[in-house]
Amino acid sequence: FHGTDDPLVPYGQAVLLDKVLKEKGVESKLEPVEGAGHGWWGPDLQRTQKLAIEFLDKHLKGDSASPK
């Protein structure tokens, strides 16, 4: 996850990291948070928390643990 208006870590850094990870065969998925800075709340926070839990369940517990 990365806020597209992050004043501390430029969004382009996340794009570059995602690209390099994929080139190296590492599963990566960049989820931009449009208009967000170096943090976010409300619906964006709820959405990103849900996606983070699904990603961690998949990669730490296995595919069968991911919610459907």
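View 1. Lys61 is exposed, at a relative accessible area of 60%, while Asp57 is buried at 14%. (Buried means under 20% relative accessible area, exposed over 50%, and partly exposed in between, using a 1.4 Å probe and protein chains only.) This is a predicted model, where local features need pLDDT of at least 70, side-chain atom pairs count only at pLDDT 80 or more, and totals for chains, interfaces and linings use all residues. Residues are numbered from 1 along each chain as its sequence is written, and side-chain values use heavy atoms, with hydrogens and water left out. The side chains of Asp57 and Lys61 meet in a salt bridge, 3.5 Å from N to O. An α-helix has 3.6 residues a turn, so residues three or four places apart point the same way.

**View 2. Asp18 and Lys22, a pair within helix 1.** Here too the spacing is four residues, about one turn of the helix. The salt bridge between Asp18 and Lys22 spans 3.1 Å, N to O. Asp18 counts as buried because its relative accessibility is 12%, and Lys22 counts as partly exposed because its value is 46%.

**View 3. Arg47 reaches Glu31.** What do these two tie together? Arg47 lies in helix 2 (residues 42-61) and Glu31 in the loop between helix 1 and strand 2 (32-33), so the pair links parts that are 16 residues apart in sequence. The closest N and O atoms of the Arg47 and Glu31 salt bridge are 3.3 Å apart. Arg47 is partly exposed at 32% relative accessibility; Glu31 is buried at 14%. The salt-bridge count comes to seven.

**View 4. Helix 1 and the glycine after it.** Helix 1 covers residues 11-23, which is 13 residues. From first C-alpha to last it reaches 19 Å, close to the 18 Å expected at 1.5 Å a residue. (The expected span is 1.5 Å times one less than the number of residues.) Gly25 follows helix 1 and has a positive phi, near 85°.

**View 5. The largest pocket, about 310 Å³ in volume.** Its lining includes Phe1, Glu27, Ser28, Lys29, Glu31, Leu51 and Phe55. By class, the lining has five nonpolar, one polar and five charged residues. (Ala, Val, Leu, Ile, Met, Phe, Trp, Tyr, Cys and Pro count as nonpolar, Asp, Glu, Lys and Arg as charged, and the others, Gly among them, as polar.) On a 1 Å grid over the protein atoms alone, a pocket is an open set of points where a 1.4 Å probe fits, with protein on both sides within 12 Å along at least five of seven lines; lining residues have an atom within 4 Å of a point.

**View 6. The whole chain, running β-α-β-α from the N terminus.** There are two helices and two strands (DSSP runs: H or I of at least four residues for helices, E of at least two for strands) in the chain. The C-alpha atoms fill a box of roughly 40 × 35 × 15 Å, taken along the principal axes. Buried residues make up 21% of the 68 residues.

How values were computed:
Grid points are joined across faces, edges and corners, and a volume is the space filled by probe spheres set on the points. A salt bridge is a side-chain nitrogen of Lys or Arg within 4 Å of a carboxyl oxygen of Asp or Glu.
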